[in-house]
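I would ask you to keep the structure in view while I speak.

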Amino acid sequence: MKLLNVNYQSRKSKLLQSLKQHQADMMIISSRQNIRYLTGFSGNAATLLMSKHESYLITDYRYFERACEETSDIEVIQRDRDTESLGQCIARCLPNCEAVAFEAAHFSVDQWRVIAAELPYSNLRGVTGCVEALREVKDEIEISYIQQAAQIADESLSEMLTLAKEGVQERELALELEYKMRSKGSEGVSFDTILLFGERSALPHGNPSERRLKKGDFILVDFGAVVNGYRSDMTRTYVLGTPTAKQTSVFNTVQQAQQRALESVKSGIDCDSLNKVAHQVLTSSPFARFAGEGLGHGLGLNLHEQPFIKPKVSHILKQGNVITIEPGIYIPGFGGVRLEEDIVVTEQGCKYLTKAPQTFEL
């Protein structure tokens, strides 16, 4: 696992520049992923204060040493939770700010009322999506981490498939897949692994069970690895043995929808238009009423982040967006097929990060 040097000062500068449109000179950040993006700190129980002249990362004794090791050019404050409230600590660190922005989406109403009551600032304003907007376009370092996570997933899937034999349980295969990713350097799983057999593959986000694999079953596996906080997300669908004509037709339809979308990806296309490319294939098939609604999502420190590729989303894709393309058909009582790739949007197309073959018959 190769870790690279990130220019956190550049990210801070971009954030402070974006705060100007909110007429704020300081921001209070509590999202774990946003804190990691801006500082490199990977722990919990932290609050980040960023202003033009000073920056502080407030945490407690459990994470203080770790925060000092993982960050630079930022002062780490160890708050005694028994003697000082978070609001008091913020006011102590930055007593002279006037207009202060805070992440409205990441504080509960009750949490913020308690904190705000102890802040001396004359102007407090909630903002949403401020840091997330900076995270939409990935730099080369971020893409490298997602690519490493995708490679771990590719290799782990290949090894796990050798164990896909009659009689094995969904849970057993899911655990083997997760173990293989861990053994290859993944920090954990990108999300709870989805691994389903037969008719249960029609559950878009089902949990692995004790269901045992039989000849002729679909095998749907949706999973991902994590490298330095960045996630991969890949889906493959197989049949154990020779597929039926209907199974083959469903698979070919999904594969064609995905391929049409991948061929249409490029900087400048809007999400709604891209979604329509895939859904024209799905809705003109005999399986139209069983097609999933959305086509994909952004990928990074969060599993699902902007941009979202679904109907009525006018967001324009940009070079450097990392997204998934994952059409699916889900037929209750029969089974489902989903195929998912992680890609980087380029000026004239896309670059694949996931490389596992889309084999259907095992």
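Let me begin with a definition: helices, of at least four residues, and strands, of at least two, are DSSP runs, numbered from the N terminus. The model before you is a predicted one.

Although Asn228 is not a glycine, its phi is positive, at about 50°. Ala45 is also a residue other than glycine with a positive phi, in this case near 50°. Please look for Ala45 in the loop between helix H2 (32-39) and strand S2 (47-51). Is Ala45 buried, partly exposed or exposed? Buried means under 20% relative accessible area and exposed means over 50%, with partly exposed in between. The relative accessible area of Ala45 is 38%, so Ala45 is partly exposed.

I now turn to strand S5. Why can we describe strand S5, residues 99-103, as largely enclosed by the rest of the structure? The reason is that five of its five residues are buried. The burial concerns both faces of S5: Ala99, Ala101 and Glu103 lie on one side, Val100 and Phe102 lie on the other, and all are buried.

Which strands pair with S5? Strand S1, residues 26-29, pairs with S5 in the parallel sense over three bridges. Here Ile28 stands opposite Phe102 of S5. Strand S6, residues 123-127, pairs with S5 in the parallel sense as well, over five bridges. In that pairing, Ala99 has Asn123 of S6 as its bridge partner. Between S5 and S6, please note helix H5, residues 109-116: S5, H5 and S6 make a right-handed β-α-β unit.

Next comes a sheet with antiparallel pairing. This open sheet has three strands, in the order S7-S8-S11. Strand S7 (194-197) and strand S11 (234-239) are at the edges, and each has a single partner strand, so one side of each is left without a neighbour in the sheet. On average, neighbouring strands of this sheet are turned by 10° against each other, direction ignored. Strand S8, residues 218-223, runs antiparallel to S11 and is joined to it by six bridges. As an example, Phe218 stands opposite Val239 in S11.

How large is the volume of the largest pocket? It is about 430 Å³. The lining of this pocket consists of 24 residues, and those closest to its centre are His205, His297, His304, Glu326 and Arg338. By class, nine of the lining residues are nonpolar, seven are polar and eight are charged. Strand S12 (296-298), strand S13 (305-309) and strand S15 (328-331) each contribute at least two residues to this lining.

A cis peptide bond joins Gln306 and Pro307, with omega about 0°.

The second largest pocket holds about 320 Å³ of space. It is lined by 15 residues, and Leu16, Asp25, Ser51, Lys52 and His53 lie nearest its centre. Helix H1, residues 8-19, provides the largest share of this lining, namely three residues. The classes here are six nonpolar, five polar and four charged residues.

Thank you for your attention.

Definitions and conventions: Residues are numbered from 1 along each chain as its sequence is written. This is a predicted model: local features need pLDDT of at least 70, side-chain atom pairs count only at pLDDT 80 or more; totals for chains, interfaces and linings use all residues. Side-chain values use heavy atoms; hydrogens and water are left out. On a 1 Å grid over the protein atoms alone, a cavity is a set of points where a 1.4 Å probe fits but cannot get out, and a pocket is an open set with protein on both sides within 12 Å along at least five of seven lines; lining residues have an atom within 4 Å of a point. Grid points are joined across faces, edges and corners, and a volume is the space filled by probe spheres set on the points. Ala, Val, Leu, Ile, Met, Phe, Trp, Tyr, Cys and Pro count as nonpolar, Asp, Glu, Lys and Arg as charged, and the others, Gly among them, as polar. Buried means under 20% relative accessible area, exposed over 50%, partly exposed in between (1.4 Å probe, protein chains only). Two strands pair if DSSP finds at least two bridges between them. A crossover is right-handed if, with the strands pointing away from the viewer, the path from the first strand over the helix to the second runs clockwise. Axes are lines fitted to C-alpha atoms, for helices over the stretch in contact, and angles run from 0 to 180 degrees between N-to-C directions.
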